[in-house]
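Thanks for asking me to look over this model.

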Amino acid sequence: MKKSNPYRTRLIVLLGFLAVVLIFFAVMLFHYQIIKGNSYRAQSMAGTARRETVETSRGIITDRNGKVLVSNRLTYTLKFSDESFDDDAACNAAVWRLITLCRQESLSWIDPLPLTNTAPFALTTDTPGETFINWLDQHDIPYTGKDTVTLSISGGELLDMARKIYKISDDYTDDQARLVAGVRYGAEVSGGYVFAEDVPVEVISQVVDGHFAGVSTGTSSQRVYNTTYAAHILGRVSRIFAEDWNDKYKDNNDYSMDDLVGKGGVEEAFEQYLHGVNGVKLVTTDKSGKVTGELYAKEPQPGNTVALTIDLDLQKTAEDSLAATIQSMTKSDGVARGGAAAVIGVGTGEVLALASYPTYDLSQWDEMYDTWSKDAALPMFNRATDGTYAPGSTFKLCTSVAALESGVITPSTTIVDRGIYTYYEFPQPRCWIYNATGSTHGAVNVSQAITVSCNYFFYEVGRLTGIQRLDDYASQFGLGRSTGIEIGDSNGVLASPEYAEKIGETWTDGQTITAAIGQSYNLFTPLQLANYVATLVSGGDHYEAHLLKSAKSYDNSSVVYAYNKGPTNHVDMSDSTLEAVKAGARGLATGSLSYVFNSCIVPVGCKTGTAETGGELSNGCFVAFAPYDDPQIAVCVVIEQGGGGANLAPIARDIINSYFSSASMFSSYIFSIRSCTSLARVFFCSRSML
């Protein structure tokens, strides 16, 4: 019998044991590296890592055709925190080192302390905000006032107190101490104080290689304005004001204290769509402060793409034509003017263009703000939405509808213009033609009265209709109340006995007849007037004016929002009323203003307005709609001290030609002409284009 080899047996046992050990180690490695890898990696970093916010990019803004209006570019930021310092001396030294670097590189930084940088020190504003007031209270610094602040100590004494608060030694001069205090103040009142934005990569390299204590680098997105137009519409962005944090953003988990948010315009109005969600990363460093690793705990999510109703080409035409006309007027007589134009889609409420003059360049906001804010011409004032003007005779369209629908007159009713309206002992206003030539318009019906703008006719119609019915129809057309536009606008003023009482005046019958021709207390915005005309020529469907067309995810994979609201109200009017009013507006375009509109590529209806201001020159107002037979857009133009409304007609013509010059718009109009169902209708449509 053969004996077994004991060495061989031992070898097998040993190999088996080693195999079991290796398998055990393999299982454990798989468990820790694969199954629990992310968890343990995060735990291992937590003790040595700092959490950093990763700013996402803000959503881009386009016009209705996809042309980019506002986009982003990647920039670098520097943040400063005082949390890692054991004592104030080390913190102050780190601050001064950082300031010295910025001075060497000619890099500006954000200093939120509202105190002048050089002696004699003083507050830079008497409304510094809630954050500064809280800081004064926290450090027992005496002051008076609530909405406005007056220090009970001098600016120099405030700096001395800041020196004590932050233990800034006498080794620093007063000017140096002021700069250090500004950074310390920013770090104290802001959780994640952004020290500098749009920092050159060369400076970033110096900060990283030089191991600047308390300083962290990051990325951000800087807004890029791809057009110089639509400044009053677009708005801007800035870091969250500390005083806004508690009221607006503190309870929203998608915001951190130094996020970029919209300020004014659509940037603010559509913040919920444009603002992305910031990410979070863990950054580990070695003992010398050098970064050894990064791990995203939360990926950033870019903001949505917002498409506006604005047509950039039409916006350009509106702004350029408005500016050229006003500049020509000013060159002629030396009178400084402002003006506005608004274009609304009929049957939709879409704002297609919104121009205000003078305007400004959003890309130069920081450099030019002080200059613009002191400019008497008010370039930052949006006259299209917030400027209120007497509508003059453009209001006669509303008066006509109110009178016709109330049964006061019919389309065939005639009234004889006698030059001086003598129904009342006082006032006894005159028709404009009587003042100009001593003649009258004779017997006119409502369409003819609109065409020739006969004041006498509308004095009588206004008296018969009464102020209550006039105001009822005006309100239904949206006059005297907000249009609903998302960026906000003025309500304007609708002349009424109630308004007179509100301002301490007494309403008289004379006020009624002047209100009927667009005077009295009537004050409306250009946007209101454009929307009123759009409502009228649509047959009475009144829509809110709006700028938001849609919002899509940043990669266009999904639609987040699409505007689909219906009309807010309907103004009842018969077909005969609408045709009578439109015919009057058409008569003006083919009559005394034919020299302007003969070059228009579609037939137009329009109405002039001249509003007296008490000075030598009246404000000019002009409204129009096109095409006459199937209105698609309504336009309003206002120029301060522009004289007669006819002076503004070329601007409206330029806007209408621009809109219908696109192949798709003109083809759509031609198709509607060809869809006429009878030879008679075709003949009528063809003649209306002449």
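**Notes on the model**

1. K316 is partly exposed, with a relative accessible area of 39% (buried means under 20% relative accessible area, exposed over 50%, and partly exposed in between, with a 1.4 Å probe and protein chains only). D320 also counts as partly exposed, at 30% relative accessibility. The two side chains meet in a salt bridge at 3.1 Å, N to O (a side-chain nitrogen of Lys or Arg within 4 Å of a carboxyl oxygen of Asp or Glu). Because K316 and D320 are four residues apart in helix α12 (residues 312-333), about one helical turn separates them. Helices (H or I, at least four residues) and strands (E, at least two) are DSSP runs numbered from the N terminus.

2. A word on the basis of all this: the model is predicted, so local features need pLDDT of at least 70 and side-chain atom pairs count only at pLDDT 80 or more, while totals for chains, interfaces and linings use all residues. Residues are numbered from 1 along each chain as its sequence is written, and side-chain values use heavy atoms, with hydrogens and water left out.

3. For the overall picture, the protein chain has 27 helices and 23 strands. Of its 690 residues, 50% are buried. Taking contacts (heavy atoms within 4.5 Å) with a separation of 6 or more, 69% join residues 24 or more positions apart. The chain exposes about 32,600 Å², of which carbon and sulfur atoms supply 51%; accessible areas come from the Shrake-Rupley method with a 1.4 Å probe, and for residues only the protein chains shown count as cover.

4. How many salt bridges does a search of the whole structure find? The search gives 16. One of them joins the side chains of R64 and E350 at 3.0 Å, N to O. That pair links distant parts of the chain, 286 residues apart: R64 is in the loop between β2 (61-62) and β3 (68-80), and E350 is in the loop between β13 (339-345) and β14 (351-357). R64 is partly exposed, with a relative accessible area of 24%, whereas E350 is buried at 14%.

5. R73 and D198 form another salt bridge, with the closest N and O atoms 2.7 Å apart. Here too distant parts of the chain are linked: R73 belongs to strand β3, D198 to the loop between β6 (193-196) and α7 (201-209), and 125 residues separate them. R73 is partly exposed at 38% relative accessible area, and D198 is partly exposed at 32%. Elsewhere, R58, R223, E267 and E271 are linked in a network of salt bridges.

6. Five strands form an open sheet in the order β14-β13-β23-β22-β21, with antiparallel pairing (two strands pair if DSSP finds at least two bridges between them). β14 and β21 (605-611) stand at the edges with a single partner strand each, so one side of each is left without a neighbour in the sheet. Neighbouring strands are turned by 10° against each other on average, direction ignored.

7. Within that sheet, β13 and strand β23 (residues 633-639) pair in the antiparallel sense over seven bridges, and I344 stands opposite A634 in β23. Helix α12 lies across β13, β14 and β23 and runs at about 25° to β14. Helix α23 (residues 575-590) packs on the sheet as well, touching β21 and β22 (619-626), and its direction makes about 80° with that of β21. Axes are lines fitted to C-alpha atoms, for helices over the stretch in contact, and angles run from 0 to 180 degrees between N-to-C directions.

8. P411 sits in the loop between α15 (396-405) and β15 (415-417) and is partly exposed, with a relative accessible area of 34%. Its C-alpha atom is separated by 6.0 Å from that of A580, 169 residues apart along the chain. Leaving aside neighbours within four places in sequence, P411 is in contact with L404, N445, V446, S576 and A580.

9. Finally, a hairpin. Strands β18 (residues 548-552) and β19 (residues 559-562) pair in the antiparallel sense over three bridges, with S550 opposite A562 in β19. Six residues lie between the two strands, and N556 in the turn has a positive phi of about 60°.
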